[in-house]
Amino acid sequence: MTDDSKFLQTLKEHLESEQPFLPIFDPVSMRLQQELLKKDPCLHAIEKLVCADQSLSSQLLKIANSSVYRGLIDSTTVRSALIRLGISEVFRIVLTNVSRKSFSDHDRQIDAIMKKLWQHSMGCAFAAGMLSNSLDFGVFQQEAFFAGLLHDIGKLLILKAVADKKKTSKVFNVSDPMLLEAMDLLHAEQGYRLLRRIQIPETLALVARDHHLEEFAADNYVLVLVRIANHICHRRGIGLRCDPDLDLLALPEAVHLGLSLTELDNVQDFLTTTPGLFT
C-alpha cells in the first residue's frame, strides 16, 4: 500500500468514526441558521439567539448604525437592528460571521488552505444568491446562499480531521498535494453525511453530495445554481482552483438556467470587487 493510500484509508476511518472532534458550527449558531432558513422566521427566536452571542450582536448593531443603514436615530437594541437590517441581510451577516470563525486553525498548513476554502465558500454563496435573485425558479435567495456556503463543507470536515490527527500524533504529516487530493476524493460524500448528521435539510445535503457529478438532476435548481456558482469561482480563481479559460456560457448549467453573458459578468464583477475574496 502506498503512502497516499495509507493516508486516505486512515483519514476515512477517522472521519467515519464519528468522533466528536468536529465543532464545525456551535449549537447556538446552528439553531440560528435553521431559524433563518424557515419560510417565516420568528423574530423573537432570532433575537434571543443573537443576544446569546456577544460578538454577533455587537456586529449587527455596528452594521445597523453604519452609513449604509443608519436611520434618524441609532439602533441601540438587537431587535431594532434586526428590524432595520431585514431578515435577508441578517442571514448573510450571520453566515459570514459564523463561517469565518469556523474556517480557521492554529496549524499553519491547515489554516492557509482553510482561508482559501472560506473565500471559495463565500464566493459560491454570493454567486448562487445573486443568481437566484435574478432568475425566477422559485428558489429563495437565502436557500441558495446557504447551499453555496455549505457545498464544500466536506473539505472543511477533512481539514479539521487532519488538524485533529496532527495534534494527537507528532508523526502524522501530510503534504499539501496529498491533502488536496484527499479533499477532492472524499469531500462530497463526507459533506453529505455530516449535513444529514447535524439535521440540515436533505435538499442542501444533496447539493454537497452531487455538485461534482457529471450527470445531475436538472430540476433541482438549488443544485444547478450552486454548480454554476462553483464554476464562476473557479474561473475567477476564488479558492483552491483557478481555471481562467473556462467558458461559462457553454456549460450545461448555464444553458439550463438560460443565463446571459451579462448576468454572468455581473456576478463576476461583484465577486472581484468584494473585499476578502482575493486577499
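The legends below describe close-up views of a predicted model.

In this predicted model, local features need pLDDT of at least 70 and side-chain atom pairs count only at pLDDT 80 or more, while totals for chains, interfaces and linings use all residues. Residues are numbered from 1 along each chain as its sequence is written, and side-chain values use heavy atoms, with hydrogens and water left out.

**Figure 1. The protein chain is built from 14 helices and zero strands.** Helices (H or I, at least four residues) and strands (E, at least two) are DSSP runs, numbered from the N terminus. Of the 279 residues in the protein chain, 48% are buried, where buried means under 20% relative accessible area, exposed means over 50%, and partly exposed lies in between (1.4 Å probe, protein chains only). Among the contacts in the protein chain with a separation of 6 or more, 65% come from residues 24 or more positions apart; a contact means heavy atoms within 4.5 Å.

**Figure 2. Phe126 and Phe145 form an edge-to-face aromatic pair.** A search of the whole structure finds two aromatic pairs. In the pair of Phe126 and Phe145, the rings are 5.2 Å apart from centre to centre, with 85° between their planes. Rings of Phe, Tyr and Trp (its six-membered ring) pair if their centres lie within 6.5 Å, and planes under 30 degrees apart count as stacked, over 60 as edge-to-face and the rest as tilted. Because Phe126 lies in helix H7 (residues 108-134) and Phe145 in helix H8 (residues 141-150), the pair ties together parts that are 19 residues apart in sequence. Both Phe126 and Phe145 are buried, and ring pairs link Phe126, Phe145 and Phe270 into a cluster. Helix H8 is mostly covered, with eight of its ten residues buried; among them are Gln142, Ala144, Phe145 and Leu150.

**Figure 3. Helix H7 packs against helix H14 (residues 261-272).** Two packed helices are described by the angle between their axes and the distance between the axes. For H7 and H14, the angle is about 145° and the axes are 10 Å apart; axes are lines fitted to C-alpha atoms, for helices over the stretch in contact, and angles run from 0 to 180 degrees between N-to-C directions. The crossing of H7 and H14 is right-handed, a crossing being left-handed if the near helix is turned anticlockwise from the far one by less than a right angle, and right-handed if clockwise. The contact is made by residues including Phe126 and Met130 of H7 and Val267 and Phe270 of H14. Also in helix H14 is Asp265, which is partly exposed, with a relative accessible area of 33%.

**Figure 4. Helix H5 (residues 78-85) and helix H3 (residues 43-51) cross at roughly 120°.** The axes of H3 and H5 come within 10 Å, and the angle makes H3 oblique to H5: angles under 35 degrees count as roughly parallel, over 145 as roughly antiparallel, 65 to 115 as roughly perpendicular and the rest as oblique. The crossing of H3 and H5 is right-handed, and residues that make the contact include Leu43, Ile46 and Val50 of H3 together with Val78 and Leu82 of H5.

**Figure 5. Helix H4 (residues 54-64) packs against H5 at an angle of about 50°.** The axes of H4 and H5 are 9 Å apart, and H4 is oblique to H5. The crossing of H4 and H5 is left-handed, and its contact includes Leu60, Leu61 and Ile63 of H4 as well as Val78, Leu82 and Leu85 of H5.

**Figure 6. Leu117 is a buried residue of helix H7.** The relative accessible area of Leu117 is 1%. Leaving aside its neighbours within four places in sequence, Leu117 is in contact with Phe103, Asp152, Lys155, Leu156 and Leu159.

**Figure 7. Ile238 is found in the loop between helix H12 (221-236) and helix H13 (252-257).** With 0% relative accessibility, Ile238 counts as buried. Although Ile238 and Gly123 are 115 residues apart along the chain, their C-alpha atoms are separated by 6.9 Å.

**Figure 8. The charged end of Arg209 sits over the ring of Tyr192.** The charged end lies 5.2 Å from the centre of the Tyr192 ring. A charge sits over a ring if NZ of Lys or CZ of Arg is within 6 Å of the ring centre and within 35 degrees of the ring normal.
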